[in-house]
Amino acid sequence: MSKLPRWLLPLSFFLLGVVAAAILVPLEQASVKEQLTGFPDSHIFTNALRPYILLFLCFMPAIAAFAYSIGSTFDRYLSRQFLAIFGICLGALFSIWMLLDLNDNLSDFSGSKNMAASVFYFYLYRSPAILLVLLPYTLLLALIYCLGKFSKTNEIIAMIQSGTGIVRVSASLVFAGLWCSVLLLGLNYHWAPHAEGKRDEIIAEAKGLPIVQAMNVLYRDPDSHRLWMVGAFPANYQKGEALRNVEITTLNPDKTLRSRMTSSSASYNRETRQWTFAAPLIGRFIEGESPVYEQMTEPLIRKTWKETPSQIIKPGLSVEYLGIPELSTWLVSPLAKQATSNRPAYLTQWHYRWALPITCLVTVLLAAPLSIHFARRGAGSGIFLAVVLSMLMLFVSSITLALGESAILEPMIAAWLPNIVFTLLGLYLYHRRITGRPIYQSVKKLLTVNN
């Protein structure tokens, strides 16, 4: 039986990418249009990039297939071995993670009409966020197994003796780490944080409960001196659905109280740009006099108020669930300049959206030189060190992220410092492996305290 031509695999993935792009990109364009309509103050450029990034993601499997087709015989052989164990590790980690997560959330789906469909949609929608968590660990396990297997069977030694260096031997694995980083970079731009932020909404929808975007949000408009307190934002608040339990306090320029209005609901019309408050209770305050309260029986309409629901909800959105477009919108908004705003947290998360996916590439740089060994002795120690360093990188990343959000470290440094430090360490380990110097013993000496 003749072998299939090499070009067939990339062509097949390319055609699949065309189909995926034809379905997903128009939906994303409609979503961006809706976003810019409902949130007129949104950062236009970063939102406009979303369909193009999604288009590129659709063709990433074709790029990987093309790289595989032009690789050498050894590259394709190593890639097949790596992909096989990579798929097994990813499936195993996802199964374990899903079982643990499902154990915590299964009771939330008990009231759903179709429990199986609700659970399937719940994890399918969250798949970008799940990949963001699992891919670095999957790469680590797959690298350790593959390179350990090739080292054990002396295939690495045979390649080196034939004139191929360690860097060239591991080039296809470094490409795999780079490919995963680019994939996660695209997903982390918008879809992964957004999917994780919708977790509670999906559960509420499955149980037939009202979907709430944010609760107990406090917003201060610096131009009008109005302080908004909103009890709940419904799912379609940007389409005109009324905000619930609204209280608006207006201050004088000298910070004294002028008026306070409470209403059970407040709706905003995007076309006329006017607010409608349902039967509000209005209290007016004059210095030196008793407050005067008026209970209205008719709706109150305000045509000159410039605040929009998209502006008011911003302080109520969790920074961990905002993508690059939402974070960019917040950072250029007047809210970012207020003294009460937590600008370092938003700026740190903005940088972290770009830095986190690079963890995949750094994991390869750490694990590859430690998983290659030329003798049976010391193989386990190298693998152990690779696992420890990878876990340490994730631990240090969580610490620097907290320091950045607390304004103890500069946001950019907090987000990128772990990647920079462990990339340099990975390159150092590569240098030690290329020159034939022992790695584990050298690290052990660094950690040993001389008495």
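**Helices and paired strands in a predicted model**

Helices (DSSP runs of H or I, at least four residues) and strands (runs of E, at least two) are numbered from the N terminus. The model is a predicted one, in which local features need pLDDT of at least 70 and side-chain atom pairs count only at pLDDT 80 or more, while totals for chains, interfaces and linings use all residues. Residues are numbered from 1 along each chain as its sequence is written, and side-chain values use heavy atoms, with hydrogens and water left out.

Seen as a whole, the protein holds 19 helices and 8 strands, and of its 451 residues 43% count as buried, a term that means under 20% relative accessible area, with exposed set at over 50% and partly exposed in between (1.4 Å probe, protein chains only). The mean pLDDT, the predictor's confidence in each residue on a scale from 0 to 100, is 84 for the protein, and 90% of the residues reach 70 or more. Confidence is highest in helix 3 (residues 50-58), at a mean of 96, and lowest in helix 19 (residues 440-447), at 55. Among the contacts (heavy atoms within 4.5 Å) with a separation of 6 or more, 65% are accounted for by residues 24 or more positions apart.

To return to helix 15, this element covers residues 343-355 and packs against helix 10 (residues 171-189) at an angle of about 145°, with the two axes 8 Å apart; axes are lines fitted to C-alpha atoms over the stretch in contact, and angles run from 0 to 180 degrees between N-to-C directions. Helix 10 brings Leu185, Asn188 and Tyr189 to this contact, and helix 15 brings Tyr352, Arg353 and Trp354. The buried residues of helix 15 include Tyr352 and Arg353, as well as Ala345 and Ala355.

The strands can be followed in the order of the chain. Strand 1 (residues 212-221) runs antiparallel to strand 2 and is joined to that strand by 8 bridges, where two strands pair if DSSP finds at least two bridges between them. Arginine 220 has leucine 227 of strand 2 as its bridge partner, and in the hairpin of these two strands, with 4 residues between them, histidine 225 takes a positive phi near 60°. Because 7 of its 9 residues are buried, strand 2 is largely enclosed by the rest of the structure.

Strand 2 (residues 226-234) is in turn joined by 6 bridges to strand 3 (residues 243-251), again in the antiparallel sense. Across this pair, tryptophan 228 stands opposite isoleucine 248, and methionine 229 stands opposite glutamate 247. Strand 3 then pairs antiparallel with strand 4 (residues 257-269) over 8 bridges, with valine 246 partnered by serine 263, and in their hairpin, which has 5 residues between the strands, lysine 255 takes a positive phi near 75°.

Two single residues complete the tour. Valine 169, in helix 9 (residues 166-169), counts as buried because its relative accessibility is 1%. Threonine 435, in the loop between helix 18 (411-434) and helix 19, has 40% relative accessibility and therefore counts as partly exposed; its C-alpha atom is separated by 9.8 Å from that of isoleucine 166, although the two residues are 269 residues apart along the chain.
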